[in-house]
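Thanks for coming. I have one chain to go through, and I will take it slowly. Please have a look at the sequence and the model first.

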Amino acid sequence: VYDPANDTRSARFRIDHRAYEEVLKHAVRVFYYQRRGAAHSAPYADPRWTDGTNFLGPLQDSECRLITSPSPANQKDLRGGWFDAGDYNKYVNWTVSPISDLLFAYRQNPLIWPDDWNIPESGNGIPDLLDELKWELDWLLRMQNANGSVLSKQGVNAFQSASPPSAEASQVFYGAESTTASLSTAGNFAQAAPFYRAVGMTNYALTLSNAAVAAYNWAVANPNVIFTNTGYSSANPEVDTSSTNAYNYARDSLRIR
């Protein structure tokens, strides 16, 4: 917009149906930068934010141990997922909002999500949004025990936060399973399964669907298992187990799987 009388103009802006496409692209790429257990290198990462592989050192994510009994017998491979916020911890119950919101955005208009947003999976024939979501869902699959229950939390035991992430060498622990973590994960898997089935990832969709049922069945059979956060100094992600919200989320999601 130009005002010739005062020789003043506005900032440049676009008027067309794709005006927000670049903003949307970078909003989704934020999750790529939040990937845990991955290197952030060219050509996928901006040179200002490159970093080496994080949290795959000794006794970290791929050798993660139970916070209350950190013996080799309780070691699990829990690599992957997204950093939760400004720290390096991850909380299962708090995955519901981002996963639900991203799946809802995809469901509203699946045709606007391309496969060329410069993440490592770009060009594989699957929308990059679903590829990015899979990084988080794969972590949740690793957090699920053989009996269907789902672990509550993963992170350092205090407030260690070396920067960049690849510099953090502290031991990583996981918290025990809980009813709410299992319900949250059941809902996430059940919601996601139809979208992966629709793009031809039928085996992965079946894995998610079966895992959703297993998590829900365990939670129904174990309705009052509470995560106490013992051993951690960081936040307790447990939610009110007297609430039916977690059950409703899982139950309603299972209906659409």
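One definition before anything else: a residue is called buried under 20% relative accessible area, exposed over 50%, and partly exposed in between, with a 1.4 Å probe and protein chains only. By that rule Thr68 is exposed, because its relative accessible area is 52%. Thr68 sits in the loop between β3 and β4, and β4 covers residues 75–76.

Now, where all this comes from. The model is predicted, so local features need pLDDT of at least 70 and side-chain atom pairs count only at pLDDT 80 or more, while totals for chains, interfaces and linings use all residues. Residues are numbered from 1 along each chain as its sequence is written, and side-chain values use heavy atoms, with hydrogens and water left out.

Next, the overall layout. The chain has six helices and seven strands. Helices here are DSSP runs of H or I with at least four residues, strands are runs of E with at least two, and both are numbered from the N terminus. Read from the N terminus, the order is β-β-α-β-β-β-α-α-β-β-α-α-α. Along the principal axes, the C-alpha atoms fill a box of roughly 75 × 45 × 35 Å. Of the 257 residues in the chain, 44% are buried. The chain exposes about 12,700 Å², and carbon and sulfur atoms supply 54% of that area. Those areas come from the Shrake-Rupley method with a 1.4 Å probe; for residues, only the protein chains shown count as cover.

Among contacts with a separation of 6 or more, 67% are between residues 24 or more positions apart.

On to the inside. A nonpolar core is a set of buried Ala, Val, Leu, Ile, Met, Phe, Trp, Tyr and Cys residues joined through side-chain atoms within 4.5 Å. The largest such core has 48 residues. Which of its residues touch the most other members? They are Leu133, Leu137, Tyr196 and Leu208. At least two residues of this core come from each of β3, α2, α3, β6, α4, α5 and α6. If we set aside residues up to four places away in sequence, Leu133 touches Trp82, Ile99, Leu102, Leu103 and Tyr196.

Helix α5 is residues 202–221 and helix α6 is residues 245–255; their axes come within 11 Å and cross at roughly 145°. Such axes are lines fitted to C-alpha atoms, for helices over the stretch in contact, and the angles run from 0 to 180 degrees between N-to-C directions. From α5, the contact uses Ala212, Val213, Tyr216, Ala219 and Val220, and from α6 it uses Tyr247, Ala250, Arg251 and Leu254. These residues divide into eight nonpolar, no polar and one charged. For that count, Ala, Val, Leu, Ile, Met, Phe, Trp, Tyr, Cys and Pro are nonpolar, Asp, Glu, Lys and Arg are charged, and the others, Gly among them, are polar.

Where are the cis peptide bonds? One joins Ala42 and Pro43, with omega about 5°, and Pro43 is in the loop between α1 and β3. Asn229, in the loop between α5 and α6, has a positive phi of about 70° and is not a glycine either. Is Asn229 buried or exposed? Asn229 counts as buried because its relative accessibility is 10%. Asn229 and Thr68 are 161 residues apart in sequence and 9.4 Å apart in space, C-alpha to C-alpha.

Last, one more loop residue. Trp117 lies in the loop between α2 and α3, and is buried because its relative accessible area is 4%. Leaving aside neighbours within four places in sequence, Trp117 is in contact with Leu24, Lys25, Val28, Arg29, Ser122 and Asp128.

That is the tour.

Technical notes. Contact means heavy atoms within 4.5 Å.
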